[in-house]
Amino acid sequence: MYGAMLLLHILAATIWTGGHLVLAIAILPRVLRERSPAKLLEFESAYERIGIPSLVVQVATGLWLAHRMVPELSRWLAFGDPVASLVGVKLLLLATTVAFALDARLRLIPRLSKQDLGALAWHIVPVTIVSVLFVVVGVSFRTGWFY
Ligand code: HEM
């Protein structure tokens, strides 16, 4: 069971973090240069179909893995010991991601114009950085980088 959960978690991470790196490094600069909301929406509608399910899988398997590692939920946000603190950091990264994603999806994307592209870039870049931090913190459970 553990192996299957870890596999799903890592597979979903490749989709979430990989997709955001492609968006931020390959797609976004061209969208900004050509001032083309259509190109961004095209990527967004294709990626969304696999990106959102992968985030759901990520969160479900992540919570399972975290519960296996730190069974007492009260310790998750107490930042008392190093391993539980990493779980807490993952939850804070998740809250940041959800806040940016909801603001982009509900406020910016439905009426995206050339003028809003800069604001959207200010959502894509932080969410991409946070997606990489998720991986760094994830790998540090095993490597002990932060403790
Ligand atoms: C987009 C979001 C996320 C990404 C990209 C991500 C990525 C990763 C990666 C790459 C690993 C390393 C696995 C390994 O060492 O083999 C990992 C481990 C882990 N992640 Fe996540 N993660 C995400 C969200 C979450 C969430 C929301 C939680 C829940 C608190 C979580 C909890 C864990 C735990 C507990 C581990 C350690 C698993 C173990 O080694 O047994 N992750 N994550």
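**The ligand and its pocket in a predicted model**

Student: In this predicted model, how far is an oxygen atom of the ligand from an N or O atom in the side chain of Tyr2?

Tutor: Tyr2 is listed among the closest of the 23 residues that surround the ligand. A polar contact is a pair of N or O atoms within 3.5 Å. For an oxygen atom of the ligand and an N or O atom in the Tyr2 side chain, the distance is 2.5 Å.

Student: Which residue has a side-chain N or O atom 2.5 Å from a nitrogen atom of the ligand?

Tutor: The residues closest to the ligand include His9, Gln58, Lys90 and Arg142. Arg142 has a polar side-chain atom 2.6 Å from an oxygen atom of the ligand, whereas the residue at 2.5 Å from a ligand nitrogen atom is Lys90.

Student: Where does the ligand sit, and which elements give two or more residues to the shell around the ligand?

Tutor: The ligand sits in the largest pocket. The elements that give two or more residues to the shell around the ligand are α1 (2–34), α2 (37–69), α3 (82–108) and α4 (117–143).

Student: What is the volume of the largest pocket?

Tutor: The lining of this largest pocket has 18 nonpolar, seven polar and two charged residues, and α1, α2, α3 and α4 each supply at least two residues of that lining. The volume of the largest pocket is about 700 Å³.

Student: Which element gives the largest share of the lining of the second largest pocket?

Tutor: The second largest pocket holds about 520 Å³ of space, and among the lining residues closest to its centre are Trp16 and Glu44. The largest share of its lining, ten residues, comes from α2.

Terms used:
Residues are numbered from 1 along each chain as its sequence is written. This is a predicted model: local features need pLDDT of at least 70, side-chain atom pairs count only at pLDDT 80 or more; totals for chains, interfaces and linings use all residues. Side-chain values use heavy atoms; hydrogens and water are left out. A residue is near a molecule or strand if one of its heavy atoms lies within 4 Å of it. A polar contact is a pair of N or O atoms within 3.5 Å; within protein, one must be able to donate a hydrogen and the other to accept it, and residues adjacent in sequence count only if both atoms are side-chain atoms. On a 1 Å grid over the protein atoms alone, a cavity is a set of points where a 1.4 Å probe fits but cannot get out, and a pocket is an open set with protein on both sides within 12 Å along at least five of seven lines; lining residues have an atom within 4 Å of a point. A molecule sits in a cavity or pocket if more than half of its atoms lie within 2 Å of its grid points. Helices (H or I, at least four residues) and strands (E, at least two) are DSSP runs, numbered from the N terminus. Grid points are joined across faces, edges and corners, and a volume is the space filled by probe spheres set on the points. Ala, Val, Leu, Ile, Met, Phe, Trp, Tyr, Cys and Pro count as nonpolar, Asp, Glu, Lys and Arg as charged, and the others, Gly among them, as polar.
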